[in-house]
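Good morning, and thank you for joining.

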Amino acid sequence: MRRVALWCAIWALAALEARSAAEVPVQSPAQQRDAALAAQPAICVVIRTYHGHGGDAGALRRQGLRQLLTSLRQQSNPKWEALLVIMDSEPFRDVHYILQELNDDRVWVYAEWIGSDFTPKVDGVWASQYHHKLYNLTDSAIRACPKDTEWVVVTNGDNDYSRSFFDRIGSVTNADVIAFDFYTRYHRSTGVPCERFGQQEGAPTCKRNKLKWCQTDLGANVMRWPRLIRENKRFGDLGSVTTAVAAEHYDGIMGQVLSSEWPVEHIRECLFNHSPSPQWCARMGGVWDDSDMSQSAIGGTCLDSWQASKRLRDGKGAIEEVVVALNHDRFLKEFGDSGDAGPAAMRCLRKKDHVRQRHELMTFFGPVCSEDYDLAAFQDPNYQAAEAKIKEELRLAAEEEHRKKLQGGAVNPPPPPDRTRNESFVPSRRDVFRDSCAAEGGSSCNMSL
């Protein structure tokens, strides 16, 4: 009898479970898509752009605003909005045609400030107040993001994102800052010219985002928008945090501030392209010029074949061309429209005396801007001997430039420039870091760290 009662109870329980399962509604594919969409975060993208990001996207032009907006529209998460910030001395006439062609109401112009007060550069050098004004305008645009925004990213109008970028943002739950590794011309900035972009055992695939000055980029960092607004974090206020680093480097300073206070997730995948990069240049069929050591070209630039041939001729035997097997990860194929990773090799120009050129780069950037992979080179006695010579040559060149400026003018010329008094002296990146660190009362200003 007990055995019969037990079987009856089991049967009743099974019937109850079957009835409950039958009562659970089955979602249609459309309902499943809607549920997945509702779970995705709303993302706000603040884009700083200007007239140089427009025009016809020729073979070797910078990717421009069209390509950036296309990369946003290719994201699987459609819950985004892009605010354009335009500040320049020249009007960005193409922007309105670009938006008309795009016909996407998620993209709109937040501010268009045009006038002589907003001139970016004077004689090739950043105007003194330009980035202060631009970052203040950027702060205002961030606060104009939709109220349901969960994440905000600030970028420039010639950058590019892989199709997985927004998906990767949506996978982060326990951080308030997301730092993406990225392609850039500043990858391994103290490595051997041209070879620094190649495949080498143990070398990082793209630039490691360390969320600090000289080791990050504005467009590679994503911030939790509600916390940013709640704590009133502003790029424009960073002048009170650092006194010696120029405003164009506030992206790195903000990275340092946030990473010291907020939980961070580092994404060791190359899902952001800081343009122009060698990977992009190779895809466009260009030749990377890593030979120009002038202040405006440091990091390199992309040339077409004719420009590369002219550069070699003008170099009069001091420049050589090499072929580099480009380093990249599996996500490179997600950039652009081709669906592949592009050419496996790239033509690249550098000085024939590339050992000396590397020493010059090491002296300019210093260990603070170096990848960990390249730090050992700073202990090489050959470099340490070359560094002193390079610094002396730079000092003499600065004195000569200063002397030429004084010719035909001053009766009592001022003394030669030195790195403590003369404002015309252009410090290296390591000098700027040391000065900033000392001004902040830092106790860890050692360049070997």
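I begin with a charge placed over a ring: the charged end of Arg48 sits 4.8 Å from the centre of the ring of Tyr135. A charge counts as over a ring if NZ of Lys or CZ of Arg is within 6 Å of the ring centre and within 35 degrees of the ring normal.

Before I continue, a word on conventions. The model is predicted, so local features need pLDDT of at least 70 and side-chain atom pairs count only at pLDDT 80 or more, while totals for chains, interfaces and linings use all residues. Residues are numbered from 1 along each chain as its sequence is written, and side-chain values use heavy atoms, with hydrogens and water left out.

Let me turn to the aromatic rings. Rings of Phe, Tyr and Trp (for Trp, the six-membered ring) are paired if their centres lie within 6.5 Å; planes under 30 degrees apart are called stacked, over 60 edge-to-face, and the rest tilted. By this rule there are 13 aromatic pairs. One of them is Tyr161 with Phe165, a tilted pair with 4.5 Å from centre to centre and 50 degrees between the planes. Phe165 also pairs with Phe166, again tilted, at 6.1 Å and 45 degrees. Are these residues buried or exposed? Buried means under 20% relative accessible area, exposed means over 50%, and partly exposed is in between, with a 1.4 Å probe and protein chains only. Tyr161 is buried at 2%, Phe165 is buried at 0%, and Phe166 is buried as well. Ring pairs join Tyr161, Phe165 and Phe166 with Phe180, Phe182 and Phe272 in a cluster.

Next, the disulfides. A disulfide is a covalent bond between the sulfur atoms of two cysteines; here the criterion is a pair of cysteine sulfur atoms within 2.5 Å. The whole structure contains five disulfides, and I shall discuss some of them.

Cys44 is joined to Cys145, with 2.1 Å from S to S. The torsion about this S-S bond is -75 degrees, and the link is left-handed. Cys44 lies in strand E1 (residues 43–49) and Cys145 in the loop between helix H5 (130–142) and strand E6 (151–156), so the pair ties together parts 101 residues apart in sequence. Helices (H or I, at least four residues) and strands (E, at least two) are DSSP runs, numbered from the N terminus.

Cys281 and Cys302 form another disulfide, also with an S to S distance of 2.1 Å. With 80 degrees about the S-S bond, this link is right-handed. Cys281 belongs to helix H9 (residues 278–283) and Cys302 to strand E12 (residues 301–303), so parts 21 residues apart in sequence are tied together. Both cysteines, Cys281 and Cys302, are buried.

Now consider the loop between E8 and E9. Which residue of strand E14 does Cys194 in this loop reach? Cys194 forms a disulfide with Cys348, the sulfur atoms lying 2.1 Å apart. Cys348 is in strand E14, so the pair ties together parts 154 residues apart in sequence. The torsion of about -85 degrees makes this disulfide left-handed.

By definition, a salt bridge is a side-chain nitrogen of Lys or Arg within 4 Å of a carboxyl oxygen of Asp or Glu. Glu195 and Arg350 meet this criterion at 2.9 Å, N to O. Glu195 lies in the loop between E8 and E9 and Arg350 in strand E14 (residues 345–351), so this pair links parts 155 residues apart in sequence. Glu195 is partly exposed at 33%, whereas Arg350 is buried at 7%.

Asp181 lies in strand E8 (residues 177–183) and Arg208 in the loop between E8 and strand E9 (221–224), so the parts tied together are 27 residues apart in sequence. Asp181 is buried at 2%, while Arg208 is partly exposed at 35%.

How many salt bridges does the whole structure hold? The search finds 28. Among them, Arg106 and Asp104 meet at 2.7 Å, N to O, and Asp104 is buried at 11%. Finally, a network of salt bridges links Glu150, Asp176, Arg224, Arg227 and Glu231.
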